[in-house]
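Hello,

Here is the structure I promised to pass on. Please open it beside this email and follow along as you read.

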Amino acid sequence: MQKIFTKYMVIILTAAIFLILFINFLFRWHMLEDQQFSTFHIKIEQIIHMLENNQMELELMNENLNVDYLTRAKAAAYVLDRQEEVVMDVSQMQYLAKLLNVDELHFIDENGMIASASVREYIGMNMADYEQTRPFLAILESDDEEAYLIQDAQPNAAAGKIMQYIGVARRDKGGFVQVGFEPDRLMEAQSRNTYDYIFTKFPTDVGEEFFVVDCGTGKVLGHSKATAQDFGEKYYQLEVLYQCGGGAYQKGADGRSMYVVSQQYEDALICAVLPGEILFRKLLSDSLNTCLYLVLIELAVIFLLNYLVRRKVIDGIHRIIESLSAITNGNLDTRVSVGGNREFEELSRGINTMVTSIINISDRISAIIEISGVPLAAFEYESGTNHVFVTSGLGALLDISDQAVADFCKNAQVFDRYIRRITETPVEGESDIYQIHDEKYVRIHMTESANRKLGVITDVTGDAMEKRQMRYENTHDPLTGLYKFEYFKQLAAAQLQRMPKGDVCALVMIDLDYFKSINDTFGHDVGDRYLQGFSAVMGAMPAGHCLAARRSGDEFCMMVFGCGSKEEITGYLDAFYERLAQDRIVLSETEARTVSASAGYAWTDDAGARIADLLSRADEALYEVKRDIKGIYGEYRGT
């Protein structure tokens, strides 16, 4: 069936590809023409923009040069008005021309004769004799003292050399001064404003041709090709080019079809040409690429459809078989979900309905437990299966997420390890109560058989917290938070009994100095704060080496253990007194004190020693310190 499906699918898709290629060919041809027309239009606009920019640059340069040249001419007139001796001396005229950075300098008298000049050959010329010089005589005829004339660059009368002359009237004397310049910069800028120059700088694509035709004469004014062209072809003719404003095909050399676009600018037609064969090659290339893409798409579609048939039919059967195997192995949370056809869907629903009826037994048990209001959960799992039956309250009792419960239900081995880890350490004094975290306690009761484990979990947090609070109140001093003296003795005795060989420990008795006077002077509230400040220092001692307790009133005791020598014991005592000296207790708004305390200690390396004896000896050492010095600690020396 799959082979027949593939055969007909290949035939249908191949026919569709040929139809798409034919339609694409037609649309693509018109699209390429439109794109080429748009490209030519943009490039012609760029050429016009370059022409206009060059013209603006030329006009601006000419204006700036004229201002500069006029300024130098007036400067020359100013100098000559004040230095008569310069007028007749050619060398000084040359020197002045050099200073003013002009190429020629002439003085013309009131008769229009060149009386003096930086070029000796020009002396004696009559300005009225030449067409180039004659316009400057208007300065002599003018009554304006500021009269001047700026002449465009042209061949001069004397030597036919391209020059630009500026004449300026002399204010106080007759005649005028003329300066001349070789207009190299201006001529260069004018050369850049020709069509041929612009076409040499304008980038063209392969096969593109640009040229400009005079609208009046039909003469080709400029061309983008470097070599000579035969401008007799049809598409160079003016009457033909007028028809190409929207783009048209015209006949070229050897009968080639040329795509031509023209646009009028001032009195010229700017034209762009591309051989039609280049457009056809582009069309052919695009069509081949499209054909390749369509073939690739066809292969992908055939592959995908074959994949879907295999996935929706053949793989569906395999998934149903695998799901049935999982359910048989006890994984009743397995859901059969095979779509793709109606038969698979009905079969999946039938299997799921059967499994759901089995699972509902567990759900009904959970519902009964919830109705009872008892915080209780049950679980059951068998050897050789992965599935764990649990009631709905398991996650809340063990303080784990629904996702964790779901994971446990799928893996009985992981769940078994989790339960065993919890039940390894019951709460002290209890056999089946376990601490989940600081605010959570549960009772776990389990029964095991050869192949099955059944457990019930109940929440006993309230009872456990109440017992813990009662135990804390029975073992800790309410004011200072330190151990009570009786409980301290029990802990100290146990610590002494398990002291390793080679270790030493010490019992320390401590009494606060001057406490009665503080109580009498500042009141009992301050006295309590004084006791609490001292207790905070005791409580800050390392828990792994110190036990601290309040004996009564201002009397305290401490056990220092886990030490390798007596010096290590005294090291902890020194650290205690250093910390005590750093903490100041605020007694009033104007007074704060450090706590003064006297202490005596008795040490031993005998794990069989009696706590009562060590406390008695430490008490004697304390008595000696209180009697003699106060505020320090002393060692029991014996009698």
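Leu 105 has Val 179 as its bridge partner in strand 6. That pair belongs to a longer contact: in this predicted model, strand 1 and strand 6 (residues 176-181) run antiparallel and are joined by five bridges. Strand 1 also pairs with strand 2 (residues 114-117), again in the antiparallel sense, over three bridges. There, Phe 107 stands opposite Ser 116. Strands 1 and 2 form a hairpin with five residues between them. Look for Gly 112 in the turn, which has a positive phi of about 85°.

Is strand 1 buried or exposed? Five of the five residues of strand 1 (residues 104-108) are buried, so the rest of the structure largely encloses it. Both faces are covered. Glu 104, His 106 and Ile 108 lie on one side, Leu 105 and Phe 107 on the other.

Glu 209 stands opposite Val 273 of strand 11.

Another open sheet of five strands has the order 13-12-16-15-14, and its pairing is antiparallel. Which strands form its edges? They are strand 13 (388-390) and strand 14 (433-437). Neighbouring strands here are turned by 25° against each other on average, direction ignored. Strand 12 (residues 376-382) pairs with strand 13 over three bridges, in the antiparallel sense. Tyr 381 has Val 388 as its bridge partner in strand 13. Helix 11 (residues 412-423) lies across strands 12, 13, 14, 15 and 16, running at about 130° to strand 12.

Next, a helix pair. Helix 13 (residues 485-497) packs against helix 17 (residues 611-628) at an angle of about 115°, with the axes 10 Å apart. That makes helix 13 roughly perpendicular to helix 17. Which residues of helix 13 meet helix 17? Phe 485, Lys 489, Ala 492, Ala 493 and Leu 496 do, and they meet Ile 611, Leu 614 and Leu 615.

Glu 33 counts as buried because its relative accessibility is 16%, and the cut-off for buried is under 20%. Leaving out residues up to four places away in sequence, Glu 33 touches Tyr 249 and Tyr 259.

Last, the cysteines. How many disulfides does the structure hold? The count is zero. Cys 271 is in no disulfide, and the nearest cysteine sulfur, that of Cys 244, is 7.5 Å away. Cys 271 counts as buried, at 0% relative accessibility. Cys 563 is in no disulfide either; the nearest cysteine sulfur there is that of Cys 546, 7.5 Å away. Cys 563 is buried too, with a relative accessible area of 1%.

Best wishes

How values were computed. Residues numbered from 1 in each chain as written. Predicted model: local features only at pLDDT ≥ 70, side-chain atom pairs only at ≥ 80, totals over all residues. Heavy atoms only, no water. Pairing = 2+ DSSP bridges. Helix = DSSP H or I, 4+ residues; strand = E, 2+ residues; numbered from the N terminus. Disulfide = S-S within 2.5 Å. Buried < 20%, exposed > 50% of the residue type's maximum accessible area, 1.4 Å probe, protein only. Axes fitted to C-alpha atoms, helices over the stretch in contact; angles between N-to-C directions. Parallel < 35°, antiparallel > 145°, perpendicular 65-115°, else oblique. Contact = heavy atoms within 4.5 Å.
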